[in-house]
Amino acid sequence: MFEHANATTMVAVKDLGRARQFYEGVLGLTPVGPKDPEVQVYQTGDSRLAVYVSQYAGTNRATTLSWEVESVEDVVRDLKARGVEFEHYDMPETKRQGDVHVSGSIKNAWFKDPDGNILGIMSGVDLDRAKQSEPATGARSSR
């Protein structure tokens, strides 16, 4: 039913102005779509990210979204230079190298937006291969 439908990630925030400063100024996303005082849409790769005002902002205790990047270490370094602080989690079969969590060939790092939404970056996940086989060992996460 949805295998060919595009999906938009929805991230709840309390203050859209503050969120825009973070998503545009820190993460470097460019706004697209209609101007709305309650919602801002961004294009990110082949996907869309909608940041919207909600009283439930920041209540999710799991990863809200993750970006696939070429080098987690490079993105961590760039974001740290912009003042982003990274989260650290204890997970089975995972070692931490600074702010990067390593499980086999998979690397992850997590940080929060101003409302406490957990955002991630990851590399080493072969999504085309993962679609055809079982999930890779260590790919699981409670975040």
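**Close-up views of a predicted model**

**View 1. Aromatic pairs in the predicted model.** The model contains 5 aromatic pairs, where rings of Phe, Tyr and Trp (its six-membered ring) pair if their centres lie within 6.5 Å, and planes under 30 degrees apart count as stacked, over 60 as edge-to-face and the rest as tilted. F22 and Y23 form an edge-to-face pair, because their ring centres are 5.3 Å apart and their planes stand at 85 degrees. F22 counts as buried at 9% relative accessibility, and Y23 counts as buried at 0%; buried means under 20% relative accessible area, exposed over 50%, and partly exposed in between (1.4 Å probe, protein chains only). F86 and F111 are also an edge-to-face pair, with 5.7 Å from centre to centre and 70 degrees between the planes. F86 is in strand β6 (residues 86-87) and F111 in strand β9 (residues 106-112), so this pair ties together parts that are 25 residues apart in sequence. Both F86 and F111 are buried. Ring pairs join F22, Y23, Y42, F86 and F111 into a cluster.

This is a predicted model, in which local features need pLDDT of at least 70 and side-chain atom pairs count only at pLDDT 80 or more, while totals for chains, interfaces and linings use all residues. Residues are numbered from 1 along each chain as its sequence is written, and side-chain values use heavy atoms, with hydrogens and water left out.

**View 2. The whole chain.** The protein has 3 helices and 10 strands; helices (H or I, at least four residues) and strands (E, at least two) are DSSP runs, numbered from the N terminus. Starting at the N terminus, the elements follow the order β-α-β-β-β-β-α-β-β-β-β-β-α. Of the 143 residues in the protein, 35% are buried.

**View 3. Strands β2 and β3.** Strand β2 (residues 31-36) has 6 residues, of which the number buried is 0, so β2 lies largely in the open. Strand β3 (residues 39-44) pairs with β2 in the antiparallel sense over 3 bridges, given that two strands pair if DSSP finds at least two bridges between them. P31 has Y42 in β3 as its bridge partner.

View 4. The structure has 6 salt bridges, each a side-chain nitrogen of Lys or Arg within 4 Å of a carboxyl oxygen of Asp or Glu. In one of them, K107 meets E73 at 2.6 Å, N to O. K107 lies in strand β9 and E73 in helix α2 (residues 72-81), so the pair ties together parts 34 residues apart in sequence. K107 is partly exposed at 23% relative accessibility, and E73 is partly exposed at 28%. R77 and D74 form another salt bridge, at 2.3 Å, N to O. Both R77 and D74 lie in helix α2, 3 residues apart, about one turn of the helix. R77 is exposed, with a relative accessible area of 51%, whereas D74 is partly exposed at 37%.

View 5. D99 forms a salt bridge with K80, with the closest N and O atoms 2.8 Å apart. D99 sits in the loop between β7 (95-97) and β8 (100-103) and K80 in helix α2, 19 residues apart. D99 is buried, with a relative accessible area of 11%, and K80 is partly exposed at 47% relative accessibility. N108, in strand β9, is buried, with a relative accessible area of 15%. Leaving aside residues up to four places away in sequence, N108 touches V72, D99, V100, H101, I121 and M122, contact meaning heavy atoms within 4.5 Å.
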